[in-house]
Amino acid sequence: MDGNRAQGQPPLRYIPTLDGWRAVAIALVIVSHGLTTAFPGVEKLGALGVSIFFALSGYLICTLLLIEREETGRISLVAFYRRRLFRIVPPALTYLVILGVLGALGVVVLRKGELFSAFYAANYFHARSWFTSHYWSLSMEEHFYLFWPAILMLAGPRKARLAALVIISALLVYR
């Protein structure tokens, strides 16, 4: 599967290059947020950073799932979703609970329905303030995680590539 790995070597679970690309993506988002008011149009850098981060995340998830399939002969959706649940949900919900308490105490002002972000549907609702605007990207990523591993498991790598092309083409036509 990995053309850069010598035969007989264990699969690569940590990909150091991704850290550099994550840094680039994060820097683009930070620069965009910091300079948008001074330089109109710079927000496109933030969108590029988010797109890079989504691509890295998709690449990493697919790589790890394919390594699992190579090692075990299958992809365990239960194990995958359990890992996602315990990695993402505790900090995301903790943040929203603290935010809700601060809102109830009048320390911060939240928009109606803003705490609905807990259901990873922030990309469907525009009632987000600065406090929860980042849940948009988290929601988008979680939707990818909800469907793509199942497609990869059911279709296998070759047919999943075709499915990806069909989905991307359909979305381009839709947009």
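I take contact to mean heavy atoms within 4.5 Å. This is a predicted model, so local features need pLDDT of at least 70 and side-chain atom pairs count only at pLDDT 80 or more, while totals for chains, interfaces and linings use all residues. Residues are numbered from 1 along each chain as its sequence is written, and side-chain values use heavy atoms, with hydrogens and water left out.

**Entry 1: R84.** I found R84 in helix α3. Helices here are DSSP runs (H or I, at least four residues), numbered from the N terminus. Its relative accessibility is 10%, so R84 counts as buried. The scale is: buried under 20% relative accessible area, exposed over 50%, partly exposed in between (1.4 Å probe, protein chains only). I then listed the contacts of R84, leaving aside neighbours within four places in sequence: V89, E142 and Y145.

**Entry 2: α3 against α4.** I checked how these two helices pack. Their axes come within 11 Å and cross at roughly 170°. Axes are lines fitted to C-alpha atoms, for helices over the stretch in contact, and angles run from 0 to 180 degrees between N-to-C directions. α3 and α4 are therefore roughly antiparallel, a label for angles over 145 degrees. On the α3 side I noted R84, I88 and Y95, among others; they belong to a set that meets α4 residues including E142, Y145 and M153. The contact residues divide into 15 nonpolar, no polar and two charged. In this count Ala, Val, Leu, Ile, Met, Phe, Trp, Tyr, Cys and Pro are nonpolar, Asp, Glu, Lys and Arg charged, and the others, Gly among them, polar.

**Entry 3: cores.** A nonpolar core is a set of buried Ala, Val, Leu, Ile, Met, Phe, Trp, Tyr and Cys residues joined through side-chain atoms within 4.5 Å. The largest has 11 residues, including C62, F80, Y145 and W148. α2 (43-72), α3 (77-104) and α4 (135-174) each give two or more residues to this core. α4 gives the most, with five. C62 touches W148 and L152, not counting residues up to four places away in sequence. Apart from this core lies another of 10 residues, among them A92 and Y135.

**Entry 4: α2.** I compared its length with expectation (1.5 Å times one less than the number of residues). The 30 residues of α2 should span 44 Å, and its end C-alpha atoms are 44 Å apart, which agrees. G73 follows α2, with a positive phi near 85°.

**Entry 5: L102.** L102 also lies in α3. It is partly exposed, at 29% relative accessible area.

Key: Angles under 35 degrees count as roughly parallel, over 145 as roughly antiparallel, 65 to 115 as roughly perpendicular and the rest as oblique.
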